[in-house]
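Hi,

Here is the structure I said I would pass on. Have it open while you read, and then go through my notes below.

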Amino acid sequence: MNRKRITTLFLFLALSVFVPLASSADARQEMRWAARAVITAEERNEIEPASLGEWGDAIESTLFLLVRTTELSRGPIRILVVKDDGVRAEFLPNDAFLVSSGLLDYADEALFERISTSSRSARNSESERMAIIAPFLAPEVAHFALDHPFEAWIQSGMKNFAPTDDQILAADRFAAVLLDQAGFGEGAMESYLRNLASRNLPGTVSPAMATWLSGRPSAEKRLESMLSAEPNISRISAEFKSAIRAIKTRQALKEAGESLAALEEIYPTGPYVSRLAALAAHERWLSSVEAERGAFPVYLPISEDAPPDISVFLSKLASEGVDAKTEPAMAKKAAPDLKSLETAIAAYQRAIGAFDDPALESSYATLLAQASPKKALEAAQAAASREREGGSYVAWANFATILFSTGSDKARALTIIDSAITQSKTPKRDGYLDVGMPGDERTLRLTKALMVMGKDGAKAARDAVLSAYSSPQDSGEIELRKAKIGDSVDDLVERWGRPSSIVYDYYSETWTYDSLVATVTVSKKKVERVRLGLGSPISPGGDVRCGDGQADFERFFGAPAYRANDGEVYLRGKSRITVFYLAGKIRSITIGS
């Protein structure tokens, strides 16, 4: 192990953490103050969230898919809906998203037109609302992902952050990528622009809409730009999907890093790509170093789609002479991946500052702990102090683990972890975008068990953890139109027919059945998981389907066992079911590991 080089890298990190170039940091702060002034002026016309009704749910659900599901940010984002007859949707650079009543008026007209000509649209009015406003919101999110406001701020001599025409065209193209990742479909942005181009004639749109369109390149030019980049959009979207899945499952991290490095060449100033690159490299670094006894989990601001590693905990039990009742599945660690450490450091520094994301800053701070515990503690505490109540628990959890492991205040660390466990179940703060469930709730229980092992006894800690980690075997107890987890691909084809398409990932295949609104993950020629989407006719039991309410699902399946991967996880017999809810309604159901 090249400890000298590791120490040198950590010292470099300790000296440079959270210290971007002064001129850049100062300019960003000036931009945020300018954005704050805009918000202060708009607050006088704010419409109370409680009075927005279904449109309030539609705005939040759409933004959740565009920002959280794409893993663009887990930071605090305020949603501000204002009384304004003009059509407006703006993602301001102080992390506030502004929507005008004029946009909702236009969307109401479009919704009425859709449901009056389609009974199916009338039955799915919630999804139709989201589909109407998503192409308005997505380009604004794309500007945020590509750091366009800051570029415009600098180019204008720090006078305004309004996007240029070139930035608008680039945002359209990237919006298509985000909409595809968010589940609105690969062609959602193109369809929207085609509709604008066909209707953008004198007298065919409202004055408010005409005013909004006049401040942008023509719909025809935007559509032409979109079509010219269409093949690249599909490829780029696939690269993002594969990379995000690799980070969430902690598999194929090397390949994910290579994909993200290529994407950074395409988007060299985009903090979104840098954020993902930092998380991928951090995960790869963690997987390459030998875990020390008593080491705590590191909390990263991304939803996890793999069970937390309890091997360190089981090893500690053994050292206390306690029967773990199970064998630790410990993978042999390779030599420390110094390249991943370097990549993580550089990518974190590019991403931090562009976003207000305390959780991301805290995960970066955990890299400091080995070389400079004091700096790590200071950075983690600063990040935790900015994490809002009702939001993410990640920064507080990372602060607690550093507080405990450095011996600074073990009692306070335990209190913070108890609070974080409660926080992970706390409803979001009104007026802010729900942060979702980054990580896995069971990791918090594991952290607490490691902390109390000496206090309450190793046996009590063991029982607390193993009860949370008693994972079902996904043996196929739930039938989905006669298909089950563990079936062979031949059995699946016999029961469901051939898929509409197959996408090959690093270690698995994704089979898509358009008519069933279902995707099947296949690994080693076996069905590993099945995901049912909105509109799927398939029920996992109790005649419950996507689109039904949470109460309907729990009436048959009972209460969730824990939260993970932005969803509620239910254990039924030997099967695991993860349900993703938006505004209290089922958006997707995933059966399998």
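First, some ground rules. This is a predicted model, where local features need pLDDT of at least 70 and side-chain atom pairs count only at pLDDT 80 or more, while totals for chains, interfaces and linings use all residues. Residues are numbered from 1 along each chain as its sequence is written, and side-chain values use heavy atoms, with hydrogens and water left out.

The overall picture: the protein has 24 helices and eleven strands (DSSP runs numbered from the N terminus, H or I of at least four residues for helices and E of at least two for strands). Of its 593 residues, 54% count as buried. Buried means under 20% relative accessible area, exposed means over 50%, and partly exposed is in between, using a 1.4 Å probe and protein chains only. Among contacts (heavy atoms within 4.5 Å) with a separation of 6 or more, 67% join residues 24 or more positions apart.

Now the charges. Side chains of opposite charge can pair when their charged atoms come close. A search of the whole structure finds 28 salt bridges, each being a side-chain nitrogen of Lys or Arg within 4 Å of a carboxyl oxygen of Asp or Glu.

One of them joins D305 and R529, with the closest N and O atoms 3.0 Å apart. D305 is in the loop between α14 (271-288) and α15 (311-319), R529 is in strand β7 (residues 526-533), and the two are 224 residues apart. Both partners are buried.

Another joins R386 to E361 at 2.9 Å between the closest N and O atoms. R386 lies in the loop between α18 (373-385) and α19 (394-405) and E361 in helix α17 (residues 358-365), so this pair ties together parts 25 residues apart in sequence. R386 is partly exposed, because its relative accessible area is 35%, whereas E361 counts as buried at 12%.

E568 and R563 also meet in a salt bridge, at 3.3 Å from N to O, and both are buried. Elsewhere, E42, D84, R88 and E90 are linked in a network of salt bridges.

Last, have a look at D180 in helix α8 (residues 165-181). With 12% relative accessibility, D180 counts as buried. Leaving out residues up to four places away in sequence, D180 touches G185, E186, S237 and K241.
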